[in-house]
Amino acid sequence: MRRIEIYDTTLRDGAQAEGISFSLHDKCQLTQRLDAMGFDFVEGGYPASNEKDALYFEKMAEKRLSHAKVAAFGMTRRKNGSVSEDVGLASLLEAKTEVITMVGKSSRFQVVDILRVSEADNLAMIRESVAFLKSHGRQVIFDAEHFFDGWKENAEYSLQCLVAALEAGAERLVLCDTNGGSLPGEIFEITSRVVRECGDCVGIHCHNDCDLAVANSLAAVDAGAVQVQGCVNGFGERCGNANLISILANLSLKKGYDVLIPGAISQLTELSRYLYEMVNLPQPNHLPYVGKSAFAHKGGMHVSAIARDSRSYEHVSPTSVGNESRVLVSELSGRSNIMAMAEKHHIRNDVQLMEKILAKVVSREKEGYTYETASGSFDLLVKKCSGTFTPHFELLKYHVNITGKNKAEDNVRVWTEAIVKLRVGNQIYYEVADGDGPVNALDAALRKALVEHYPSLANMHLLDYKVRVINSEAGTAAGVRVVIESRDETGTWGTVGVSENVVEASWIALTDSFEYKLFKDRPDND
């Protein structure tokens, strides 16, 4: 089983994506997380470009990593300069990393037309820069920028660039599909040729502009590459970099290569979600392997089949990457979906109840409800259909007041106040709370009324709030669907509400979330 080195550049190349920014704390935390999983290299940043990256290397020099080597990233010396006076090279040495990754041009077009130096001068820049860093005891990884485009234009010159770096002492020659325009067959053929010429020292770095970065990376490994560079979740400039999550799963589970440390592949889902949480972005549901929908089943025939054997519609076991199977309930559902979703309620043999639940789902979906992302509301629906639902509180009335007042000539200050009147057992509660908006205010008032009886609600938090217009042709009188995602110390769940009034729809989803939490925490919960 061949060992493949995994080189992560999320903190440098991934940070070039729109909307992505890492704090110094984030960078240190992610480095340690990747190290714990057995990543071989973590590229921390470009110390010559900004103070934060320089501080990162200072911080990481104080920490002991168990597996990963931190790499500083930089470029070859400037044209018409010397290595001893180059500010960029000096900053790489000041980073005090064992490994330095240096990027250099390997395309004749880029050298002559863009960099505007001669072919010979570019080779000298590569050779002198690598040798300079080697003379200071550093390991050097040479990233051959625009390599595949350059090879197609002038293969002889692109190969000369690699040989210059190799003869100067570079440990790895990384072939970069910088513009992301190559195809897997081209990657395989060219990488194979380079491996034959340069030996067992070749790496691959692909961008995703043709949506082929993962396929191209796998093709390069099959052609003999020993290192794969990429970003967790495929973050990166333009269309992103090669997604290391998918690459790792494919290398390990599909191709049998040795990557990371034992057991780390089962942490891929957690790692993906951890990084999305860090950058404050929602994880796309349809990400391969680790997305919420990666092993979600909606059609009744599919669900019936996976109930017999999950291999019928799942290409790997979801647990192999730390994910899970999900059954979706909708108007497309058959009895199999209802049985799978309701199995924890121990009603699988009650055909009449199954039909009642299915009919209720179809009826509610005509009104605009959807249960695909609202498992909490579906569980409550099952309890109501089976006659096992007893509400933990009774709404007597609620009121939301939104007041706007001019604070300055062009600035309006808005206050939101919610009032709820509830019956809990034999007691009546009348509570008032302020909030940043109607949902926040209603949430605060509900908590004030209920937390005395149900202290565990203090551990519940709202994660996400989505509103969608159902029948837009009705204009301002259109119905709306509100979906709320909530979390406690043991997991997450979704609830849904539908109404022509957005506050009412929000109230339905919100109270469902509270009820689900309270049922979930009961000792007799089945």
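Which helix is valine 502 found in? Valine 502 belongs to helix 16, which covers residues 502-521. The legends below describe a predicted model.

**Figure 1. Overview of the predicted protein chain.** The protein chain contains 16 helices and 16 strands. Of its 526 residues, 51% are buried. Among contacts in the protein chain with a separation of 6 or more, 67% are between residues 24 or more positions apart. The accessible surface of the chain is about 24300 Å², and carbon and sulfur atoms contribute 48% of that surface.

**Figure 2. Valine 502 and a nonpolar surface patch.** Valine 502 is found in helix 16 (residues 502-521). Its relative accessibility is 36%, so valine 502 counts as partly exposed, a class that lies between the 20% and 50% cut-offs. Together with Tyr465 and Val467, Val502 forms a nonpolar patch on the surface. The accessible area of these residues together is about 230 Å².

**Figure 3. Valine 498 in strand 16.** Strand 16 runs over residues 491-499 and includes valine 498. Valine 498 has a relative accessible area of 13% and is therefore buried, because buried means under 20%. In sequence, valine 498 and valine 480 are 18 residues apart; in space, their C-alpha atoms are 5.8 Å apart. Val480 is also one of the residues that valine 498 touches, when residues up to four places away in sequence are not counted.

**Figure 4. Serine 272 in helix 10.** Helix 10 comprises residues 268-278, with serine 272 among them. Serine 272 counts as buried because its relative accessibility is 0%. A polar contact of 2.9 Å joins the side chain of serine 272 to the side chain of glutamine 283. Leaving aside residues up to four places away in sequence, serine 272 touches Gln283 as well as Asn233, Ile245, Leu287 and Val290.

**Figure 5. Span and buried residues of helix 15.** Helix 15 has 13 residues, 438-450. The expected value is 1.5 Å times one less than the number of residues. The buried residues of helix 15 are Val439, Ala441, Leu442, Asp443, Ala445, Leu446, Arg447, Ala449 and Leu450.

Technical notes: Residues numbered from 1 in each chain as written. Predicted model: local features only at pLDDT ≥ 70, side-chain atom pairs only at ≥ 80, totals over all residues. Heavy atoms only, no water. Helix = DSSP H or I, 4+ residues; strand = E, 2+ residues; numbered from the N terminus. Buried < 20%, exposed > 50% of the residue type's maximum accessible area, 1.4 Å probe, protein only. Polar contact = N/O pair within 3.5 Å; in protein donor to acceptor, adjacent residues only side chain to side chain. Contact = heavy atoms within 4.5 Å. Patch = residues over 30% accessible without salt bridge, like charges linked within 9 Å, V, L, I, M, F, W, Y side chains within 5 Å. Areas by Shrake-Rupley, 256 points an atom, 1.4 Å probe, with all protein chains shown as cover. Salt bridge = Lys/Arg side-chain N within 4 Å of Asp/Glu carboxyl O.
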